[in-house]
Amino acid sequence: MKTYYDLIDQTFEFPTLEFNVENNNLLFNNVPLMDIVRQYGTPLKLTYLPKISEHIVQAKSLFKNAIKRYNYKGNYTYCYCTKSSHFRFVLEEALKNNIHLETSSAFDIPIIRELYRSGKISKSTYLICNGYKRPLYTQYISELINEGFNVVPVLDNLKEIEAYEDQVTAETVNLGIRIATDEEPNFAFYTSRLGIRYSDINELYRSKIQHSSKFKLKMLHFFINTGIKDSAYYWSELSRFMYKYCELQKMCPDLDSIDIGGGLPIQTSFQFSYDYQAMIDQIVESIQWICNKNNVPVPHIFTEFGSYTVGESGAVIYKVIDQKLQNDKELWYMIDGSFITQLPDSWGLGQKYIMLSVNNWDNPYQKVNLGGLTCDSHDFYNTEVHSADLYLPIFDQEAEDQYVGLFHTGAYQESLGGYGGIQHCLIPAPQHVIVDKDEAGNLRTRLFAPEQHSETMLKILGYSPTDGQPTELGAAQAAGEAEGTEEPILQLDSELVKEEN
């Protein structure tokens, strides 16, 4: 019978630059996953930091190539939208690459201040402030502007500008306007709830900005929920947006930038096919063609890539803790975690990820269903993008362990799942391990946070032990909970060993 390796090798172009197998165990970006499992256990979430920088460098190169190819006269600015992953280690890795930031709520602003306090950003860093803004958000934005930060509030409704009229004392406020784009025909609604409709933009400019000594309109913001993809819908909306830009730029010489929000896609299957360079080339060429046709200078281009920045850096690894044969035909591999709570997009949106066995690649394979720990019947994962079936190695539960990994899970899952909070059936947040490289290129890991323990849940829910002391179990779990506990390791012949002091 053919092995699991044979199945993957015959189904896909395998191995890849990102995935390989040594000694029947999977490597992810040359990280030996079984060594990490042995050191930390499961379930665990893993973030491979170098992947974040790799994607930022790639995107900058794509735009640089396109700008050079078409002799485009505008500049390109890469922004990271913080809502994709707010973790400090993500932002600090991204900011190593001279990028800028996009925010979406008032609670992003304390993060911005901490990054500034620690020297990770400067007052010249672009802060593109999106979202529907309640009073606390506009207050925080106004305070940053008054202190000299390079903030561009993107107006999302007609009244938002009034907050800056009242609160900003700085001489100049550079504004953006988000345009309410039409959504794809298969959406339940026709027009985005966010942004200002096309017919209101000119009047907003004339009545509130044109004759103001304080406000300058510098940016138009364009966001497509489904992201940048080669479809008639995307090109139609981009063209409509650019014609509005040209119309408005003739009225407003200060307008010199566009933000084409909605990110580049990430790989969710080995059958993923996307020509990044061709797509960016076509975007730059289309923008330039429409501007030239309307005798308008081409704008500077901003992007706010979230999933593209951090998505492919993430992985989740589970242990198969039981095998159950249901109805004499359905074989279930039960995992030591939950898809609903730990990968909520797989449940709420039907999102598929790259799923691979972590070990036992020389074993025969069989069709399986993956079941999570909650009592909800929807807590399962049983199909892939390329197939209606899911296959994993056959294993003897009494003699060997089986681990499974889901990859490119780095965007949104912690925030959507309520990281560190209360989740369905009180399933704890898994431990989180960060993998990085030192200056010599050796792998290093550190435990960002252990698995959530019962004491934190009891506190959130309003319970506490009667004597005010942790329970025995809680104390044992809390003993290693200091955030950021470091476990540096080096890779030597695919083995992970603790670095000597």
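Trainee: Is glutamate 114 buried, partly exposed or exposed?

Mentor: This is a predicted model, in which local features need pLDDT of at least 70 and side-chain atom pairs count only at pLDDT 80 or more, while totals for chains, interfaces and linings use all residues. Residues are numbered from 1 along each chain as its sequence is written, and side-chain values use heavy atoms, with hydrogens and water left out. Buried means under 20% relative accessible area, exposed means over 50%, and partly exposed lies in between, using a 1.4 Å probe and protein chains only. Because its relative accessibility is 26%, glutamate 114 counts as partly exposed.

Trainee: Which residue does the side chain of glutamate 114 meet in a salt bridge?

Mentor: A salt bridge is a side-chain nitrogen of Lys or Arg within 4 Å of a carboxyl oxygen of Asp or Glu. At 58% relative accessibility the partner counts as exposed, and the N to O distance of 2.6 Å belongs to the salt bridge between glutamate 114 and arginine 117.

Trainee: Which residues are linked with Glu114 and Arg117 in a network of salt bridges?

Mentor: The structure holds 18 salt bridges, among them the one joining glutamate 114 and arginine 117. The network that contains Glu114 and Arg117 also includes Arg88 and Glu92.

Trainee: How many residues apart are arginine 69 and aspartate 281?

Mentor: The side chains of arginine 69 and aspartate 281 meet in a salt bridge at 2.7 Å, N to O. Arginine 69 lies in helix H3 and aspartate 281 in helix H10 (residues 276-293), so that the pair links distant parts of the chain, 212 residues apart.

Trainee: How many residues apart in sequence are lysine 51 and glutamate 18?

Mentor: Lysine 51 and glutamate 18 are both buried, and their side chains meet in a salt bridge at 3.8 Å, N to O. Since lysine 51 lies in helix H3 (residues 50-69) and glutamate 18 in the loop between helix H1 (4-11) and strand E1 (19-22), the pair ties together parts whose separation in sequence is 33 residues.

Key. Helices (H or I, at least four residues) and strands (E, at least two) are DSSP runs, numbered from the N terminus.
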